[in-house]
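Subject: Structure handover

Hello,

I am passing on the structure we talked about. Please have a look at it first; my notes on what was found follow below.

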Amino acid sequence: MTSWRGRIDNVRPIVEWLLQGTLVPNRVVCNLAREEFERGEADLPLALCELSRNEPRFEIWWVDKNTFAFKKLMPTLDRFPEAVVISVDDDFYYERRFVEKMYDSFLKYGKVYPITCRHRQLFGLYLACGAASLYQRKMFGDTLSMIDDQILSTNEDDWFYSYALLQNKVLFKPAIGLDSKLFRPFFPTMPSNDRLYSTKKTIGYYESKTKQLTGLSIEEYGKKIKRECYDYSPYDFLCEKIESRRHLALRRIKQLFVDKGPLPTAQNVVK
């Protein structure tokens, strides 16, 4: 996670919630910029400093440059290249089962795919959600090197990670059985016009970048990669259709009978 002066008081309760969950992370890292907190710990709330001294699983990690939202994930991926890393926000409340649900989804999809709690799609592809996404460094290959000052200026890190994974032919899978009660904002907020404009500007940037690299639109390129990457096994198919949020009631079923219909997906499930 990361934070800034306007929300730094939120960090301690979020860390404490995460450390009281049904699955406790080995470490909770909060990346902060010396550029913003020039006096280091002297600029931080006393309660947060006490937590970092007394709780061995919590760490404040200082980076020199303030890259805003991008300093949340990238320093941690570089420091722990083999670790499973879950991103969280400093303005969300996380329920006790949150980490367990995210990690269970990672295991159920074969430890291969990044996991996102965002079930909305664009061009048929799931996107990153900074409030709750799961990654490993190896999923990105060399694509994180694409970042430049123009991308940093958008402050839209979700778009960048989604695009970097797409370029490495790795696509998000949705978290299984993760309902909206597992994480929610401290205060309901509506996106401002500036944020909506920023998002449109960011989409336009990646649209032109994709056209330049591949000759295809993002939508066309996404569909192409999806055909190449998403070779659904019967197990994947059942995970998405049966254990999705809309089918939680089916989770107790011990046996499942599938009609051998004419579609290839149905026939694959029977096989």
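To begin with the charged groups, Arg5, Arg39 and Asp43 are joined in a network of salt bridges. Please keep in mind that this is a predicted model. The search of the whole structure gives 13 salt bridges, and a few others are described here.

Arg27 pairs with Glu59, with 3.3 Å between the closest N and O atoms. The two are 32 residues apart: Arg27 sits in the loop between α1 (11-19) and β1 (28-33), and Glu59 in strand β2. Glu59 is buried at 18% relative accessibility, because the cut-off for buried is under 20%. Arg27, at 43%, counts as partly exposed.

A salt bridge also connects the side chains of Arg137 and Asp78, at 3.7 Å from N to O. Arg137 belongs to the loop between β8 (132-135) and α5 (149-154) and Asp78 to helix α3, so this pair ties together parts 59 residues apart in sequence. Asp78 counts as exposed, with 52% relative accessibility.

Arg97 and Glu95 form another salt bridge, their closest N and O atoms being 3.3 Å apart. Arg97 is partly exposed at 32%, and Glu95 is partly exposed at 23%.

Now the chain as a whole. It has 10 helices and 10 strands. Of its 271 residues, 46% are buried. Among contacts between residues at least 6 apart in sequence, 75% join residues at least 24 apart. The chain exposes about 15200 Å², and carbon and sulfur atoms supply 52% of that area.

Asp90, between β3 (85-88) and β4 (92-94), has a relative accessibility of 4% and counts as buried. Its side chain makes polar contacts with the side chain of Ser3 (2.9 Å) and with that of Arg7 (2.9 Å). Lys72 lies in the loop between β2 (58-63) and α3 (74-79) and is buried, with a relative accessible area of 9%. Beyond its neighbours within four places in sequence, Lys72 is in contact with residues including Met1, Asn31, Asp89 and Asp157.

What about disulfides: how many does a search of the whole structure find? The search finds zero. For Cys129, the nearest cysteine sulfur is that of Cys117, 3.6 Å away, and Cys129 is in no disulfide. Cys129 counts as buried at 11% relative accessibility, and Cys30 counts as buried at 0%.

Regards

Methods
Residues are numbered from 1 along each chain as its sequence is written. This is a predicted model: local features need pLDDT of at least 70, side-chain atom pairs count only at pLDDT 80 or more; totals for chains, interfaces and linings use all residues. Side-chain values use heavy atoms; hydrogens and water are left out. Helices (H or I, at least four residues) and strands (E, at least two) are DSSP runs, numbered from the N terminus. Buried means under 20% relative accessible area, exposed over 50%, partly exposed in between (1.4 Å probe, protein chains only). Contact means heavy atoms within 4.5 Å. Accessible areas come from the Shrake-Rupley method with a 1.4 Å probe; for residues, only the protein chains shown count as cover. A polar contact is a pair of N or O atoms within 3.5 Å; within protein, one must be able to donate a hydrogen and the other to accept it, and residues adjacent in sequence count only if both atoms are side-chain atoms. A disulfide is a pair of cysteine sulfur atoms within 2.5 Å. A salt bridge is a side-chain nitrogen of Lys or Arg within 4 Å of a carboxyl oxygen of Asp or Glu.
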